[in-house]
Amino acid sequence: MGLTYADVEIRDLDQKHPAFSGRFLVDTGAVECVVNADDLRDAGVMPEGRKQYELADGSLREMDYGFARIKVRGAETVSEVVFAPAKSEPILGVVVMELLGLVVDPRTNTLKKLAAVSLK
């Protein structure tokens, strides 16, 4: 299985600023979306607080988080986004994927839409 990427659009909740669009690594091991802090601020997304996050290498880092509109494959939701250091690769985490009913197809390394979002 190779890497999966998705085109994602991030914007502020009020939609008053131009959106940030980018190619995000789809990471089924990541909970939240992670985006370069400068790109989030340019899109009008502001920090709401700080939390400690565990990184892929097991280290802990305190980072800002905020809330944004996130659009993937034409579907949109509101979710938490993490303000990452400069030059960080944007990551699409599983919370947004679950909210939008998306899963990774390991045969094609693409996102596919589920027929329905499970409520059980």
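Modeller: Two strands pair if DSSP finds at least two bridges between them. Strands (E, at least two residues) and helices (H or I, at least four) are DSSP runs, numbered from the N terminus. This is a predicted model: local features need pLDDT of at least 70, side-chain atom pairs count only at pLDDT 80 or more, and totals for chains, interfaces and linings use all residues. Residues are numbered from 1 along each chain as its sequence is written, and side-chain values use heavy atoms, with hydrogens and water left out.

Biologist: How many bridges join strand 5 to strand 6?

Modeller: Eight, and strand 5 (residues 60-72) and strand 6 run antiparallel. G66 stands opposite V81 in strand 6.

Biologist: What about the turn in that hairpin?

Modeller: Two residues lie between the strands, and R73 takes a positive phi near 55 degrees.

Biologist: And how does strand 3 run against strand 6, parallel or antiparallel?

Modeller: Parallel, with four bridges joining strand 3 (residues 33-36) to strand 6. N36 stands opposite A84 there.

Biologist: Why is strand 6 largely enclosed?

Modeller: Eight of the ten residues of strand 6 (residues 75-84) are buried, so the rest of the structure largely encloses it. Buried means under 20% relative accessible area (1.4 Å probe, protein chains only).

Biologist: New topic. Which residues have the most contacts inside the largest nonpolar core?

Modeller: V8, I10, I70, V72, V81, L92 and L111, in a core of 25 residues. A nonpolar core is a set of buried Ala, Val, Leu, Ile, Met, Phe, Trp, Tyr and Cys residues joined through side-chain atoms within 4.5 Å.

Biologist: What lies apart from it?

Modeller: Another core, of eight residues, including A30, Y53, M63 and I91.

Terms used. Buried < 20%, exposed > 50% of the residue type's maximum accessible area, 1.4 Å probe, protein only.
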